[in-house]
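Good morning, colleagues. Please bring the structure up on the screen, and I shall take you through it part by part.

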Amino acid sequence: MAQVLLVEDNPANSKLALLVLRQGGHKATLATDAAHGIRLARETQPDLILMDVQLSGMDGLTAAKTLKADTRTRHIKVVAFTAFAMKSDEQRLREAGFDGYIAKPIRYQAFLGTIRALLEEQLTDPCWARAGTAT
Ligand code: MN
């Protein structure tokens, strides 16, 4: 059981992800834009942030950079929640400071399994290989 902050602007995606997270026993909260997500991250100190990459206003890459540059939030694991799963995209996500990624659309068991794996690993572990198995 973990506290997961989801930053996602697509209602269909967030509805499903929140449902699956809660059914998996996690406490999940939603922000629909990056600025709100960053504010909630500072205030609520979640265990994990699932960050959509394509957001209106500040995008997910900028948001991840902001979170990782801030001493209040840099210790929180930030995982890209993205439809992109190409090698070149992975590089871009790493450079922005993401700790891993989960590809959309999600599949129930794989999604929860990846969340669990991400939570169990040490913060210093990049966990790309395991995150990638969710595709
Ligand atoms: Mn989006």
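Let me begin with a salt bridge between Arg72 and Asp70, whose closest N and O atoms are 3.0 Å apart. This is a predicted model, and every value I quote is computed from it. Within this pair, Arg72 is partly exposed, with a relative accessible area of 46%, whereas Asp70 is buried at 10%. In total, the count comes to 7 salt bridges.

Taken together, Glu8, Asp52 and Lys104 are linked in a network of salt bridges.

Asp52 leads us to the metal. Which residues coordinate the manganese ion? They are Asp9 and Asp52, each through OD, and Gln54 through O, at 2.1 to 2.3 Å. Along the chain, these donors follow the spacing D-x42-D-x1-Q. Asp9 lies in the loop between strand E1, residues 3-7, and helix H1, residues 11-23, while Asp52 belongs to strand E3, residues 48-52; the two are 43 residues apart. Asp9 counts as partly exposed at 31% relative accessibility, but Asp52, at 5%, counts as buried.

I turn now to the strands. E3 and E4 run parallel and are joined by 5 bridges, with Ile49 standing opposite Val78 in E4. Between these strands the chain passes through H3, and this β-α-β crossover is right-handed. E4 also pairs with strand E5, residues 100-103, in the parallel sense over 4 bridges; there, Ala103 in E5 is the bridge partner of Thr82.

How many residues of E4 are buried? The count is 6 of 6, so the strand is largely enclosed by the rest of the structure. Lys77, Val79 and Phe81 point one way from E4, and Val78, Ala80 and Thr82 point the other way. In general, side chains in a regular strand alternate between the two faces of the sheet.

The largest nonpolar core has 22 residues, and Ile49, Met51 and Phe98 have the most contacts inside it. Elements giving two or more residues to this core include E1, E3 and strand E4 (77-82), together with helices H2 (34-44), H3 (60-68) and H4 (87-96). A second, separate core has 17 residues, among them Leu6, Ala28, Leu48 and Phe81.

Finally, helix H5, residues 108-120, has 13 residues. From its first C-alpha to its last it reaches 19 Å, close to the 18 Å expected at 1.5 Å a residue. Its buried residues include Phe111, Leu112, Thr114, Ile115, Ala117 and Leu118. An α-helix has 3.6 residues a turn, so residues three or four places apart point the same way.

Thank you for your attention.

How values were computed: Residues numbered from 1 in each chain as written. Predicted model: local features only at pLDDT ≥ 70, side-chain atom pairs only at ≥ 80, totals over all residues. Heavy atoms only, no water. Donors = N, O, S within 2.8 Å, 3.2 Å for Na, K, Ca; no water. Buried < 20%, exposed > 50% of the residue type's maximum accessible area, 1.4 Å probe, protein only. Core = buried A, V, L, I, M, F, W, Y, C linked by side-chain atoms within 4.5 Å. Pairing = 2+ DSSP bridges. Right-handed = clockwise from strand over helix to strand, strands pointing away. Expected span 1.5 Å × (residues − 1). Salt bridge = Lys/Arg side-chain N within 4 Å of Asp/Glu carboxyl O.
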